[in-house]
Each structure stands twice: as C-alpha cells, then as structure tokens.
Amino acid sequence: MSLPPEDEIVVLQSTGWNKLDIPPPQETNFAITGYESQVITLALQTGEGVKAEPGTMMFMTGGMRPVVTYEGCCGRCCSGEACYVVNYVNNGSKKKSYVALTPNFPTSKVVPINMSNVGGALITQQGAYMASSGDVSVGVSFDCNFVRCCCGGLGLVRQKLTGTGTAFLAATGTIVTKTLQAGETILVDTNCVLAFSETCKLDLRRAGGILGMLGGGEGIFNTTLTGPGLVVVQSMNQQIFLQALTANKIVRR
C-alpha cells in the first residue's frame with residue numbers, strides 16, 4: 001500500500017534525507033516538466049544564454065541562436081563529456097525567448113544544483129553534466145587511491161564542476177539529497193552516488209563479512225561520505241539500467 005505524498009516526505013525526512021528541492025519557476029528562469037525523461041525549459045532575456053551538451057535540445061522559440069564552441073578535449077572527455085558545447089543565446093528582438101533541453105538518456109531526471117549553495121565546487125559521476133546557466137566550468141578531479149578508484153563507484157577520473165551559476169545534471173531513478181554536518185558520515189551503495197560537495201570526503205567500508213561480501217548483493221565495499229556538504233544520490237544509475245536491459249530484466253508488457 002502506497003502512502004500519500006505528504007506522508008512519503010515525512011518518512012523520508014525522518015531518515016535525514018530530503019526529496020530533491022526544485023525551486024518554483026517564479027523564483028528562477030527555468031521549469032522542469034515530467035516525471036521520467038524530464039524536460040527543462042529555460043526563459044532567457046535578451047543577451048542571456050545557456051550552455052548544453054550536444055543533442056540535448058528539444059525545442060526553442062524564435063530569437064534563440066545556437067552557437068557551437070570547442071571547450072577543450074582532454075578534461076571534458078576524461079570527465080565523460082563531449083569536446084563541444086552548444087551555446088543557446090537569445091539574440092532576438094523579443095525580451096524573452098525559450099529553449100527546452102532533455103537528457104540524452106531515456107528515463108533521465110534533470111537535477112538543478114545552485115553552485116553557490118555547495119561552495120562553488122561539486123564532484124559528480126562521469127557524464128552527469130547536461131547543461132548550465134551562468135558561471136559553471138567542467139573539469140576533472142583525480143582520486144589516486146587504488147582501492148577507492150576501483151571500488152568506490154566514481155573511478156580514477158571524476159567530473160568536477162566549479163562556478164557560481166546553476167548546473168543541470170542528468171540522473172536516473174529517484175533522486176534524494178542530504179546535507180551532512182561536519183564529521184557526519186553516511187553509508188551508500190557505490191552505484192548510487194551522483195554528486196557531492198568537494199568539502200565531503202569519500203571513502204570505503206567493507207560490506208560485512210565473507211558471506212556478506214559474496215552473497216549480500218552489495219559487492220565487497222560500500223561507499224561512505226563524511227561531511228560537511230551536500231550529497232545527491234540516485235536509486236539507479238545509467239550503467240545498471242543498461243545492464244538490466246541487456247539481461248532482459250526489464251520486460252515490455
């Protein structure tokens with residue numbers, strides 16, 4: 001039996017987690033539509049623009065002009081992004097024009113992150129960046145610990161976003177967030193980590209004893225994150241979704 005939405009939020013908040021907080025359109029220049037394969041529509045004043053990954057545009061109104069720029073290959077490719085970025089700029093006579101973007105992956109969610117609220121730096125899984133408004137740069141962060149980079153879920157080269165604008169991430173499944181206090185530690189599945197503040201520390205913990213590691217379904221390690229900072233997790237990542245499709249675990253009725 002499912003709970004009413006308001007009760008679901010109360011239960012979630014009692015665990016210390018929160019539903020993804022999306023500000024209302026009245027407070028921002030964007031609105032997110034849909035529950036799966038979401039669409040984000042941005043309202044841009046004359047001269048304003050938004051950067052997006054190639055292939056994410058769904059529609060745009062008159063006055064919008066797409067301009068492709070080369071943003072560098074090494075760092076962006078290592079972080080799971082393309083070398084090129086499409087800049088959608090309102091160059092028309094209308095004071096306000098619109099562009100709608102959607103992730104390149106089916107069933108994806110759009111996750112807005114105000115970079116000013118996370119200290120200006122965010123570590124994400126490779127390929128998570130979809131678009132950005134304002135000052136946001138895509139770079140890399142290296143985790144040179146052999147065990148963490150092999151078993152922590154994010155690999156050796158992690159995506160790093162910096163700036164003071166708003167970043168829009170592409171994720172899969174249900175998204176929940178938690179703001180960790182200094183010294184507070186949480187344990188999450190290695191495949192569920194989407195993003196966390198650079199101020200957080202990522203580490204590993206064994207998933208139980210021998211039987212737990214072999215038969216518990218969580219692998220050898222779980223991921224720990226220690227605050228302070230924001231943590232964003234997803235119930236299913238793209239790799240697990242693709243594996244489920246390949247193994248015919250998802251059947252069309």
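**Before you start**

This is a predicted model, in which local features need pLDDT of at least 70, side-chain atom pairs count only at pLDDT 80 or more, and totals for chains, interfaces and linings use all residues. Residues are numbered from 1 along each chain as its sequence is written, and side-chain values use heavy atoms, with hydrogens and water left out.

**Stop 1: the largest pocket**

Select Lys19, Tyr35, Lys109, Thr174 and Ile175: of the 19 residues lining the largest pocket, these are the closest to its centre. The volume of this pocket is about 600 Å³. A pocket here is an open set of points on a 1 Å grid over the protein atoms alone, where a 1.4 Å probe fits, with protein on both sides within 12 Å along at least five of seven lines; lining residues have an atom within 4 Å of a point. Grid points are joined across faces, edges and corners, and the volume is the space filled by probe spheres set on the points.

Now colour helix H1 (5-14), strand E2 (30-33), strand E9 (108-114) and strand E15 (175-180), the elements that each give two or more residues to the lining. Helices (H or I, at least four residues) and strands (E, at least two) are DSSP runs, numbered from the N terminus. Which element gives the most to the lining? H1 does, with four residues. By class, the lining has 10 nonpolar, five polar and four charged residues. In this scheme Ala, Val, Leu, Ile, Met, Phe, Trp, Tyr, Cys and Pro are nonpolar, Asp, Glu, Lys and Arg are charged, and the others, Gly among them, are polar.

**Stop 2**

Glutamate 36 lies in the loop between E2 and strand E3 (39-45) and lysine 109 in strand E9, so the pair ties together parts that are 73 residues apart in sequence. A salt bridge means a side-chain nitrogen of Lys or Arg within 4 Å of a carboxyl oxygen of Asp or Glu, and the count by this rule is three.

Is lysine 109 buried or exposed? Lysine 109 is buried, at a relative accessible area of 13%, whereas glutamate 36 is partly exposed at 49%. Buried means under 20% relative accessible area, exposed over 50%, and partly exposed in between (1.4 Å probe, protein chains only).

Next, pick glutamate 198 and lysine 160, a salt bridge whose closest N and O atoms are 2.7 Å apart. Glutamate 198 is in the loop between strand E17 (193-197) and strand E18 (201-206) and lysine 160 is in strand E13 (residues 157-163), so this pair links parts 38 residues apart in sequence. Glutamate 198 is partly exposed at 40%, and lysine 160 is partly exposed at 21%.

Then go to glutamate 184 and lysine 178, whose side chains form a salt bridge at 3.3 Å, N to O. Glutamate 184 is partly exposed at 26%, while lysine 178 is buried at 9%.

**Stop 3: a nonpolar patch**

Show the surface of Met57, Met58, Phe59 and Met60, which form a nonpolar patch with about 340 Å² of accessible area together. Methionine 60 is in strand E5 (residues 57-60) and is partly exposed, at 31% relative accessibility. Patch residues have over 30% relative accessible area and no salt bridge, with nonpolar side chains (Val, Leu, Ile, Met, Phe, Trp, Tyr) joined within 5 Å. Areas come from the Shrake-Rupley method with a 1.4 Å probe, and for residues only the protein chains shown count as cover.

**Stop 4: backbone details**

Zoom in on glycine 227 and proline 228, joined by a cis peptide bond with omega about 20°. Proline 228 is in the loop between strand E19 (221-226) and strand E20 (229-234).

Move on to serine 37, in the loop between E2 and E3. Its phi is near 50°, a positive value in a residue other than glycine.

**Stop 5**

Finish by drawing C-alpha distances. Isoleucine 123 and serine 197 are 74 residues apart in sequence, with their C-alpha atoms 6.1 Å apart. Isoleucine 123 lies in strand E10 and is buried, at 2% relative accessibility.

For tyrosine 98 and glycine 62, 36 residues apart in sequence, the C-alpha distance is 8.2 Å. Tyrosine 98 is in strand E8 (residues 96-101).

Definitions and conventions:
Patches are made of residues with over 30% relative accessible area and no salt bridge: like charges are joined within 9 Å, nonpolar side chains (Val, Leu, Ile, Met, Phe, Trp, Tyr) within 5 Å.
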